[in-house]
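Here is a short report for a reader meeting this structure for the first time.

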Amino acid sequence: MEKARISASKHRTGGGAMSRKLHPLNVQVGAKVRARRILLGMSQRQLADGIGLTFQQVQKYENGTNRIDAARLAALSQALNVPPQWFLADLQSTDEVQAPDLPGELDEVDSLARRETLTLIRAFNRIKDPEKRDRLIELVQALGDHEDIDGAADAA
């Protein structure tokens, strides 16, 4: 009986962490959990405490290493103050991808998962004056356009 559990466990994990395939939907949902948590200024430990988990389990969900079942998705949606369907909106591909070598590579899955993006969103949301918001958007767009020009000039 014990051997059956061990072999089933080995079969499910598929070997070492570096060779393990992550399903892109799990990675994308995890990135949304991370983005929302950071946007709310919540640590992994705070989120974990709020839903009765360890922070390591939250890390695994955010990295897409572990799947989030429906009951856990409901708990996460309540803790993060979003409807459960928010996590599933706009998902991209269903092809499996190789697990990234570095944790930072997961951030590229969803630009909202980047800490600087979330910091910018939080600061932007604190601006109440619509004119100031519009001017800030124009400034950021101009800076982005300027970066494109500088990048093209550097490459030439």
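The largest nonpolar core has 15 residues. Six of them touch the most other members: V33, L47, I68, L76, L80 and F87. Four helices, α2, α3 (44-51), α4 (55-63) and α5 (70-79), each supply at least two residues of this core. Helix α3 gives the most, with 3 residues. In soluble globular proteins, nonpolar side chains tend to be buried together. The model shown is a predicted one.

I68 is one of the core residues named above. Leaving out residues up to four places away in sequence, I68 touches V29, V33, Y61, L73 and L76.

**The chain as a whole**

The chain has 156 residues, and 25% of them count as buried. There are 7 helices and 2 strands. Along the sequence they follow the pattern α-β-α-α-α-α-β-α-α. Take the contacts in the chain with a separation of 6 or more: residues 24 or more positions apart account for 68% of them. The chain exposes about 10700 Å². Carbon and sulfur atoms supply 54% of that area.

**Helix α2**

How many of the 16 residues of α2 are buried? The count is 14, so this helix is largely enclosed by the rest of the structure. The helix covers residues 24-39. At 1.5 Å a residue, α2 should span 22 Å, and its end C-alpha atoms are 22 Å apart, so the two values agree. Just after α2, G41 takes a positive phi of about 70°.

R37 lies in α2. Is R37 buried or exposed? R37 counts as buried because its relative accessibility is 6%, under the 20% cut-off. Setting aside its neighbours within four places in sequence, R37 is in contact with M42, S43, Q44, L47, E62 and L80. Two of these partners, L47 and L80, are also among the core residues that touch the most other members.

L39 also belongs to α2. L39 is partly exposed, at a relative accessible area of 22%. L39 touches L118, I121 and R122, with residues up to four places away in sequence left out. L39 and L120 are 81 residues apart along the chain, yet their C-alpha atoms are separated by 9.7 Å.

I51 is found in helix α3. I51 is buried, with a relative accessible area of 11%. Not counting residues up to four places away in sequence, I51 touches R72, A75, L76 and A79. I51 and A75 are 24 residues apart in sequence. Their C-alpha atoms are 6.2 Å apart in space.

A71 has its place in helix α5. A71 counts as exposed, because its relative accessibility of 60% is over the 50% cut-off. The C-alpha atoms of A71 and P84 are separated by 10.0 Å, and the two residues are 13 residues apart along the chain.

| Pair | Apart along the chain | C-alpha to C-alpha |
|---|---|---|
| L39 and L120 | 81 residues | 9.7 Å |
| I51 and A75 | 24 residues | 6.2 Å |
| A71 and P84 | 13 residues | 10.0 Å |

N81 is found in the loop between α5 and β2 (97-98). Phi of N81 is near 60°, a positive value in a residue other than glycine. N81 counts as exposed, at 63% relative accessibility.

**An aromatic pair and a charge**

How many aromatic pairs does the structure hold? There is 1 aromatic pair. W86 and F87 form this pair, and it is edge-to-face. The centres are 5.2 Å apart, with 80° between the planes.

The two partners have their own values for accessibility. W86 is partly exposed, with a relative accessible area of 30%. F87 counts as buried, at 0% relative accessibility. F87 is also one of the core residues that touch the most other members.

The charged end of K32 sits over the ring of W86, 5.6 Å from the ring centre.

Notes: Residues are numbered from 1 along each chain as its sequence is written. Side-chain values use heavy atoms; hydrogens and water are left out. Buried means under 20% relative accessible area, exposed over 50%, partly exposed in between (1.4 Å probe, protein chains only). Contact means heavy atoms within 4.5 Å. Accessible areas come from the Shrake-Rupley method with a 1.4 Å probe; for residues, only the protein chains shown count as cover. Rings of Phe, Tyr and Trp (its six-membered ring) pair if their centres lie within 6.5 Å; planes under 30 degrees apart count as stacked, over 60 as edge-to-face and the rest as tilted. A charge sits over a ring if NZ of Lys or CZ of Arg is within 6 Å of the ring centre and within 35 degrees of the ring normal. The expected span of a helix is 1.5 Å times one less than its number of residues. A nonpolar core is a set of buried Ala, Val, Leu, Ile, Met, Phe, Trp, Tyr and Cys residues joined through side-chain atoms within 4.5 Å.
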